[in-house]
There are 2 protein chains.
Amino acid sequence: MTKFLLAQGGGPTAVINQSLVGAVIEARKFANIEKVYGALHGVRGIIDQKLVDLSAETTENLELIARTPSSALGSTRDKPDRKYCQQILRVARAHGIEGFFYIGGNDSSDTVRIISEEARAANYPLACIHIPKTIDNDLMVNDHTPGFPSAARFVVQAFMGLNLDNLSLPGVYIGIVMGRNAGFLTASAALARTFPGDGPHAIYLPERVFDIDSFLADVKASMDRHGRCIVAVSEGITDSRGVPVAESLIGNAEKDPHGNVQLGGGALGDFLTRLVKDRLGFSRVRTDTFGYLQRSFAGIVSDVDQREAREAGRKAVQFAMTGSQRGSVTIHRTDNSIGDYAVDYRVSKLEEVAALTKKMPDAFIAPSGADITDAFHQYLRPLLGAGLPDVGRLRNLAVPEL
Amino acid sequence: MTKFLLAQGGGPTAVINQSLVGAVIEARKFANIEKVYGALHGVRGIIDQKLVDLSAETTENLELIARTPSSALGSTRDKPDRKYCQQILRVARAHGIEGFFYIGGNDSSDTVRIISEEARAANYPLACIHIPKTIDNDLMVNDHTPGFPSAARFVVQAFMGLNLDNLSLPGVYIGIVMGRNAGFLTASAALARTFPGDGPHAIYLPERVFDIDSFLADVKASMDRHGRCIVAVSEGITDSRGVPVAESLIGNAEKDPHGNVQLGGGALGDFLTRLVKDRLGFSRVRTDTFGYLQRSFAGIVSDVDQREAREAGRKAVQFAMTGSQRGSVTIHRTDNSIGDYAVDYRVSKLEEVAALTKKMPDAFIAPSGADITDAFHQYLRPLLGAGLPDVGRLRNLAVPEL
């Protein structure tokens, strides 16, 4: 008989609870798993012994929670060191826990790695499995990461509407999208295009140096050509020195425990707006920073993402039960001669994922540096899932002047 | 035989094209309506003679457009004076147009009023009908206005997700919602609450003076009680002098042709964030300005709003064909002893709607000034429509400490 412990770390996603519920329901199938516990607010809940009994949840309630965005167990930004991890081990031992599953991004996978090493050093048999999630899609090894497809869908639907808004009342519109180091989420805005001339007309990613003159030239070119301009800008764009544009604007930048500068707020958008007004002289310039809306909006979700996040949770338990003592569940796109899109799940070495960041490959970025390629379009489209809104346009058959 | 002319003014909504399509399809039923024209970009398209033949559109394409957010004909912020309206009349006469329908807010209804007066003065028989739309819900006479329910639904779904996000990673969250003079849209955030303790924990409306000390006391009280705090703030909140807080912060405030200060951008949110950090010492304070996302997001719409916007367009044509020469289509909630919710459509005097602003009635605002009443909840709930997301929560059965 054994006990498993689940926790959720980092920022929320629309499907992080699918992975939680997938693992809990899968664990119930194994007669030798006595209990499944959850830690409230990530690893912090382990050392504070804020543990809850997930075995006692009804399947009905678990299914409702699976459809609910944001971490149902609560999350944390704590970045455990060795001592913190030794405390975690003490609690795990005391409760007879032999499997630890942490649903999170690259920082969380690094936490799993450290705990796993401490367990090994202490000769304590603890299976340590990382279950991937991140809206940024920046985990190594994975084709893509649960949470990203739903956030991308939000960005696509947002830009579909913003394009129509801007078509109706023309001007310059700047949408600031999340993504500290990887531009996948910002790049997703491109899939909002339906008709020729639709925005976004330019896309700025953290993978390319943000040059103010190029940006202004792009905006001007779009205004000249279309009489309007929509740009998608990653919050993580950097200048030629590699310093985030947002950071170089905020004098006393706030940092999280992982040393990351907090990029939210309206500063970047307001800065770019001012730039377009002052340097190009366009009067109607609008900006939005999508912020927290894009990572846990209730009701915008990709069905593909839901299914894959569920499966990642299931697989984590299966891998642990069939002998994997440490690793990260990773998602791999298969070459499939029958269907267009299919994925496999593997368990990869924690060291290949932990604390590393995947960026947009060059093949996904247009030579101009301010757009995406067809390869990215083909990569993303199946992930967005079914039932995207369809938008129409009038024929506009002109009535002769009188 | 007669011709009708349709146009759309002001900001877009999720259902403004339902009204357009409702009017076009209704007009087709009348054998003596020879043509239905549309003006591109509102009244501007009339004087520039950018007219299109809507009669030539397929019903299939019209139905797709009806489901598409933002003005399909394009819009304008032009505020016509007498001379501008005389030019409109000249074009209407030249084309033999005998019915003018303008879908818009209170500024647009005032344009209809002036054109109607000019037509009368010129003894030209032009039926002038205003069809209501606005996300702000600030049109007089109406129980509510097409466009508002869908925007309110966006705000509700946003705060559902933001509440879960904040529950997962506790701190202070400030969401800035549109609504220059009327707080309906901001107040809608209250309907995101599902479980006890859910946010928003405080709501700030333009109908009440925004007092910084009260705001900070509310935030502190929520942090003390819940360990977290979510507030919904209208972009139009004003200080005790009646000056918008956003305006008193922006030195050189940009104004639109209607003399309204542009309230977008991140300044208000950043100001409030700074205030909470500096005065209360809370470190994790986040803010989003919902901005343009909330008024034309593709895929978030209330089915009730869709049906009512369609009907408002239909009714406008019916009213014109049955003798109404001028007026504004208004929506009235009926006392209905059988069902919970039903509305009637009437034609009201333009003077009762034009250039006037409806505000939240006192009965909808809690005595504290920072919350809504049950009466508002009952008012809004039927408008949001069917299929709102359901959110779950774990039972959190505690595991004893060891």
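Predicted model: local features only at pLDDT ≥ 70, side-chain atom pairs only at ≥ 80, totals over all residues.
Local features need pLDDT of at least 70 and side-chain atom pairs count only at pLDDT 80 or more, while totals for chains, interfaces and linings use all residues. Residues are numbered from 1 along each chain as its sequence is written, chains are lettered from A in the order in which they are written, and side-chain values use heavy atoms, without hydrogens and water.

Chain A contains 14 helices and 11 strands; these are DSSP runs numbered from the N terminus, with helices (H or I) of at least four residues and strands (E) of at least two. Along the principal axes, the C-alpha trace of chain A spans about 85 × 50 × 35 Å.

Of the 402 residues in chain A, 63% are buried (under 20% relative accessible area, with exposed meaning over 50% and partly exposed in between; 1.4 Å probe, protein chains only). Contacts are defined by heavy atoms within 4.5 Å. Among contacts in chain A between residues at least 6 apart in sequence, 77% join residues at least 24 apart.

Chain A is superposed on chain B by a rotation of 180 degrees with 0.0 Å of shift along its axis, at an RMSD of 0.0 Å. The two copies are thus related as by a two-fold rotation axis. The superposition is by least squares on the C-alpha atoms of residues with pLDDT of at least 70 in both copies. Gly266(A) is the residue of chain A that comes closest to the rotation axis, at 2.0 Å (C-alpha). Because 100% of the interface residues of chain A are also interface residues in chain B, the copies meet through the same surface.

Two residues illustrate contacts with both chains. Ile65(A) lies in helix α3 of chain A and counts as buried, at 0% relative accessibility. Beyond four places in sequence, Ile65(A) touches Asn17(A), Val21(A) and Ala72(A), together with Gly392(B), Arg393(B) and Leu394(B). Ser75(A) is located in the loop between α3 (59–66) and α4 (82–95) of chain A. Ser75(A) also counts as buried, with 3% relative accessibility. Apart from neighbours within four places in sequence, the contacts of Ser75(A) include Gln8(A), His41(A), Ser168(B) and Leu169(B).
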